[in-house]
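The following exercises are to be worked with the sequence and the model at hand. Each task is followed by a solution in steps.

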Amino acid sequence: VQLQASGGGLVQAGGSLRLSCAASARTFSGYGMGWFRQAPGKEREFVAAFTWITGRKYYGDFVKGRFTISRDNAKNTMYLQMNSLEPEDTAVYYCAAKTKYTRGSSDWSLPYEYDYWGQGTLVTVSS
């Protein structure tokens with residue numbers, strides 16, 4: 001298994017969760033990783049990305065400072081700390097990794113930039 005997401009669960013509105021994405025050493029040593037989410041009946045949506053080479057972090061517009069992406073190199077693990085959760089944040093959250101070089105600049109918000117995906121972890125926020 002290249003990516004293993006965990007940490008989802010049921011939380012009340014205003015609460016917090018921390019998602020984890022454990023990666024193989026090879027997967028973690030690529031160009032960066034990201035989080036996406038998909039709610040029932042909706043398209044997959046970009047949440048956050050962390051680019052290893054530049055150290056830059058990107059967030060979806062809806063995040064508005066509530067989420068923080070981070071990594072632990074010693075554990076080959078990426079995290080998503082989610083605070084001030086809202087019912088609209090209910091979705092399956094997927095982690096993804098970009099390990100292959102692509103010519104030109106990358107748009108980290110697009111799913112096709114990533115070549116490995118985890119199985120997803122369900123986050124449910126009750127009102």
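**Exercise 1. The nonpolar cores**

Step 1. The model is predicted, so local features need pLDDT of at least 70 and side-chain atom pairs count only at pLDDT 80 or more, whereas totals for chains, interfaces and linings use all residues. Residues are numbered from 1 along each chain as its sequence is written, and side-chain values use heavy atoms, with hydrogens and water left out.

Step 2. The largest nonpolar core has 29 residues, of which Met-33, Trp-35, Val-47, Phe-67, Leu-80, Met-82 and Tyr-93 touch the most other members. A nonpolar core is a set of buried Ala, Val, Leu, Ile, Met, Phe, Trp, Tyr and Cys residues joined through side-chain atoms within 4.5 Å. Buried means under 20% relative accessible area, exposed over 50%, and partly exposed in between (1.4 Å probe, protein chains only).

Step 3. Two or more residues of this core come from each of S1, strand S3 (17-23), S4, strand S5 (45-51), S7, S8, S9 and strand S11 (121-126). Strands are DSSP runs (E, at least two residues), numbered from the N terminus.

Step 4. Another core, of 6 residues, lies apart from the largest one; Phe-36, Phe-46, Ala-49 and Ala-96 are among its members.

**Exercise 2. The salt bridges**

Step 1. A salt bridge is a side-chain nitrogen of Lys or Arg within 4 Å of a carboxyl oxygen of Asp or Glu.

Step 2. One of them joins the side chains of Arg-37 and Asp-89 (2.8 Å, N to O). Because Arg-37 lies in strand S4 and Asp-89 in the loop between S8 and S9, the pair ties together parts that are 52 residues apart in sequence. Arg-37 is buried at 7% relative accessibility, and Asp-89 is buried at 1%.

Step 3. Asp-89 also meets Arg-66 in a salt bridge (2.7 Å, N to O). This pair links distant parts of the chain, with Arg-66 in the loop between S6 and S7, 23 residues apart from Asp-89. Arg-66 is buried, at 10% relative accessibility.

Step 4. Glu-113 forms a salt bridge with Lys-98, the closest N and O atoms being 3.2 Å apart. Glu-113 is in the loop between S9 and strand S10 (116-117) and Lys-98 is in strand S9, 15 residues apart. Glu-113 is buried at 10% relative accessibility, and Lys-98 is buried with a relative accessible area of 2%.

Step 5. Salt bridges with shared partners join Arg-37, Glu-45, Arg-66 and Asp-89 into one network.

**Exercise 3. Positive phi in loops**

Is Lys-64 buried or exposed, and where is Ser-84 found?

Step 1. Lys-64 has a positive phi of about 50 degrees although it is not a glycine. Its place is the loop between strand S6 (57-59) and strand S7 (67-72). At 72% relative accessibility, Lys-64 counts as exposed.

Step 2. Ser-84, likewise not a glycine, has a positive phi of about 50 degrees. Ser-84 is found in the loop between strand S8 (77-82) and strand S9 (91-98), and is partly exposed, with a relative accessible area of 41%.

Conventions
Helices (H or I, at least four residues) and strands (E, at least two) are DSSP runs, numbered from the N terminus.
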